[in-house]
Amino acid sequence: MLDKLGRNINYIRVSLTEKCNLRCIYCMPRDMCVEDNKDYLENEDINKVLKAASILGVKKVRFTGGEPLIVKDIEKIISETSTLANIDDIAITTNGMLLADMAKSLKRSGLKRVNVSLDTLNKDKFKFITQRGSLDRVENAINQCLSLNLELKINTVLINGINDDEVEDLIKLTKNLPITLRFIELMPIGEGEKFYKNGLITSAEIIKRYGELKPINSLDKGVAQLYKLPNSIGKVGFISPISCKFCHNCNRVRLSCKGLIKPCLHSKDEIDLKPYLNNDLGLVSVLRDSIYNKPKEHTLVSDAESMSKKLMYQIGG
Ligand code: SAM
Ligand code: SF4
């Protein structure tokens, strides 16, 4: 459906949990313990919200978190979503730790596309950034996705002084692999605030540094500007919420694991869907209002501050 500014909102991102098996330095505090939460939506409630969203014209669903692959029954959630009329694209965003073993069954359940977050190709640095993870596991997961022909994007957050020396190696992955490697500008949210002042590297800086990258004439669903190395199989994308807002092209809303709709990632607006879960018409109606009134834009650029009350692991990026 169209929002009040005429943007076509056809995409919902669903955060399934606030829990995660990693503690990336720019996202979650190292010693943070996320409790099991009794307020989480049940699987059938997620399905009800997605059904209402699909009635309003949502075609694409992405499951995220926290880490979506630690959620029990993720395959069931995906397969139930795939039976909803109008939903033709189901994706996940994952840190990849559990993906190698699950990729086949996820695909069988209806998963079409996978975004794997990967900030470094160096094993020690991977341990440093994620504070728990294993690079081997993520590399296995990437290979498994490629062998299953799942559409694959790799998302990299660059931080000056930490992984900016790897930009060239990361870009080179696209020479021979059918992937889109996307650099995401660090956002001043949660742990990201600690690194933001000295750590932000803008997309423009990278594009200037690597003159070999040539723009290709398309936007990645309105969010990433796409480039290519000469003769490469894959693409390189830049997601620039800080240096180049894409609010005018925004096509999405977010659902938290606690049943809150967030029409904008960085706005404090949240609409609680829980009271409407047993009222199909009411649910469609409150969702329609939330989408229609989606804020015009965020204020990350002007204020270097997100107005959201939620952190990245709570809203899923
Ligand atoms: N755990 C999954 C993962 O890491 O892919 C999904 C959730 S995670 C919050 C989604 C994305 O948000 C990841 O690609 C992560 O790198 C990104 N992210 C987290 N904190 C960020 C920050 N402060 N600035 C920019 N991106 C961030
Ligand atoms: Fe977990 Fe993803 Fe946040 Fe890393 S970025 S701590 S993997 S939620």
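## Ligand 1

A polar backbone atom of methionine 187 sits 2.8 Å from a nitrogen atom of ligand 1. That pair qualifies as a polar contact, meaning two N or O atoms within 3.5 Å. This is a predicted model, where local features need pLDDT of at least 70, side-chain atom pairs count only at pLDDT 80 or more, and totals for chains, interfaces and linings use all residues. Residues are numbered from 1 along each chain as its sequence is written, chains are lettered from A and ligands numbered from 1 in the order in which they are written, and side-chain values use heavy atoms, with hydrogens and water left out.

Tyrosine 26 puts a polar side-chain atom 3.0 Å from an oxygen atom of the ligand, while an N or O atom in the side chain of glutamate 67 is 3.3 Å from a nitrogen atom of ligand 1. There are 18 residues around ligand 1, and Tyr26, Gly66, Thr94, Ser117 and Met187 come nearest; a residue counts as near if one of its heavy atoms lies within 4 Å.

## Ligand 2

Around ligand 2 you'll find Cys20, Leu22, Arg23, Cys24, Cys27, Met28, Gly66, Asn95 and Tyr313.

## H3 against H5

Helices are DSSP runs (H or I, at least four residues), numbered from the N terminus. Helix H3 (residues 99–109) packs on helix H5 (residues 135–147) at an angle of about 20°, with the axes 8 Å apart. The axes are lines fitted to C-alpha atoms over the stretch in contact, with angles running from 0 to 180 degrees between N-to-C directions. H3 and H5 are therefore roughly parallel to each other, a label for angles under 35 degrees.

On the H3 side, Leu99, Ala100 and Ala103 make the contact, and H5 brings Asn140, Ala141, Gln144 and Cys145 (contact means heavy atoms within 4.5 Å). By class that gives 5 nonpolar, 2 polar and no charged residues.

## H2 against H3

H3 also meets helix H2 (residues 74–82): the two axes come within 8 Å and cross at roughly 25°. So H2 and H3 are roughly parallel to each other too.

From H2, Ile74, Glu75, Ile78, Ser79 and Ser82 meet Met102, Ser105, Leu106 and Ser109 of H3. This contact has 4 nonpolar, 4 polar and 1 charged residues.

Key
Helices (H or I, at least four residues) and strands (E, at least two) are DSSP runs, numbered from the N terminus. Angles under 35 degrees count as roughly parallel, over 145 as roughly antiparallel, 65 to 115 as roughly perpendicular and the rest as oblique. Ala, Val, Leu, Ile, Met, Phe, Trp, Tyr, Cys and Pro count as nonpolar, Asp, Glu, Lys and Arg as charged, and the others, Gly among them, as polar. A polar contact is a pair of N or O atoms within 3.5 Å; within protein, one must be able to donate a hydrogen and the other to accept it, and residues adjacent in sequence count only if both atoms are side-chain atoms.
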